[in-house]
Amino acid sequence: MSAISSIIKDNVVDHWRKDFPILDQKVNDKDLVYLDNAATTQKPLSVIETISRYYSEINSNIHRGVHTLSQLATDEYEETRKKVQQFINAKNLNEIIFTRGTTEAINLITRSWGEAELKPGDEVIISEMEHHSNIVPWQMICEKTGAILKVIPMNDDGELLVEEYKKLINEKTKMVAVVHVSNALGTINPVKEIIQIAHDYDALVLLDGAQAVAHLPIDVQELDCDFYAFSGHKLYGPTGIGVLYGKENLLEKMPPYQGGGDMILMVTFEKTEYNELPYKFEAGTPNIAGTIGLGAAIDYVSEIGFEAIDAHEESLLQYATASLQEIPGFRAIGTAKEKASVVSFVIDGIHPHDLGTILDTEGVAIRTGHHCAMPVMTHFKVPATARASFALYNTRTEIDVLKAALIKTMEIMGV
Ligand code: 7TS
């Protein structure tokens, strides 16, 4: 990158940073360097103000009131469904189900689709790099139904072995559930190829998009995935709101996940008639403020655009990867050719938890641990890693601070 384009880029990032009030503060008397974006991203002022405005001006329950505030709240809630539909290019609004997050979206699939469709001897394929939320629900439903869980292995760069996947899949495979972008490694998986292969065997595909959604443009029709799950809070939106996309003909056939208000058309003690899509899957009062806040987050990201976000984050990833490798004893965990915004690593002689704790005293926030992906730790024979993960507002200067703090930690620990 030329000096001029890098200056322009830094100016743009400075401009973006001003949208995030939380970034402008000291932590432990040092400027905050927030590099834990894979856990959750910070929220722009537009999201914070949207939530605040909802509660100060139109707070009301939705879908059930004839009064003005209820109608306004309903309109904004449903407007977000349209924004999500456009954001991931779903065919229609009935395919967008609001959930608490990725975890609940996956549990919805396992409990509704899985319980209805899986029979003893059927097979479900996941991968070695899944987050626990795309492992445990499948284990639970396989145990309940007698289905068999199979796992696509990965290589030592943290890339899925597609040839092994081809050997695992067969006519008994009913579902392939894989992560789009790994939270522990940063790997971007070849999901289009995975989907094509699954469909050759009439198996469905669920993509866990928790880590993809803030970094890559998602087009569910182009991917041809059957289900796609993501969380608002990793996309600069609020916690407690997420999305399950599903092809309409599949959602149509699936039984409700939870019973209660809003998901019914008619109830008697003898029989209940369920509501139509998407309400069939949205029992009870939802996270209205969170949903509307997610709409504001989608507006924010869409205005900047993935081209600019990707160019910036890719340059940060390359800079960080090259720069941190200069530290003696540094070992990157996850060196896939296709990666997004995550540098997971260990440093010889220092436990990641000690790293994280000392970095915090320098104002640097990173994640340490197994990242809810214990099988990944088992593969790389480490108990935990340290993970720096980037968002659109991070800078190269922050990576320099991270590097200096790591070197200082090594001095403190006598490594
Ligand atoms: N799938 C992936 C790939 C994730 O990274 C996460 C959360 C989830 C599912 C679950 O999302 P939730 O919003 O329902 O909790 N990942 C992380 C992480 O890497 N650090 O903290 C949470």
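**A colleague's note on the domains and the ligand site**

1. Taken over C-alpha atoms, the centres of domain 1 and domain 2 are 29 Å apart. Please keep in mind as you read on that this is a predicted model.

2. Here is how the chain is divided. The domain assignment gives domain 1 as 2-37 + 305-413, and domain 2 as 48-302. The two parts do touch: 35 residues of domain 1 are in contact with 30 residues of domain 2.

3. Now to the ligand, which sits in the largest pocket. It is surrounded by 16 residues, and the closest are Thr103, Asp208, Ser231, Arg367 and Arg387. Sorted by class, this shell holds eight polar, four charged and four nonpolar residues.

4. Asparagine 183 places a polar side-chain atom 2.8 Å from an oxygen atom of the ligand. In lysine 234, a side-chain N or O atom is 3.0 Å from a nitrogen atom of the ligand. Threonine 102 takes part through its backbone, with an N or O atom 3.4 Å from a ligand oxygen atom.

5. How much of the ligand does the protein bury? On its own the ligand exposes 490 Å², and the protein buries 87% of that area.

Definitions and conventions:
Residues numbered from 1 in each chain as written. Predicted model: local features only at pLDDT ≥ 70, side-chain atom pairs only at ≥ 80, totals over all residues. Heavy atoms only, no water. Near = heavy atom within 4 Å. Polar contact = N/O pair within 3.5 Å; in protein donor to acceptor, adjacent residues only side chain to side chain. Areas by Shrake-Rupley, 256 points an atom, 1.4 Å probe, with all protein chains shown as cover. 1 Å grid on protein atoms, 1.4 Å probe; cavity = no way out; pocket = protein on both sides within 12 Å on 5 of 7 lines; lining within 4 Å. Sits in = over half its atoms within 2 Å of the grid points. Nonpolar A, V, L, I, M, F, W, Y, C, P; charged D, E, K, R; others polar. Domains from an automatic or database assignment. Contact = heavy atoms within 4.5 Å.
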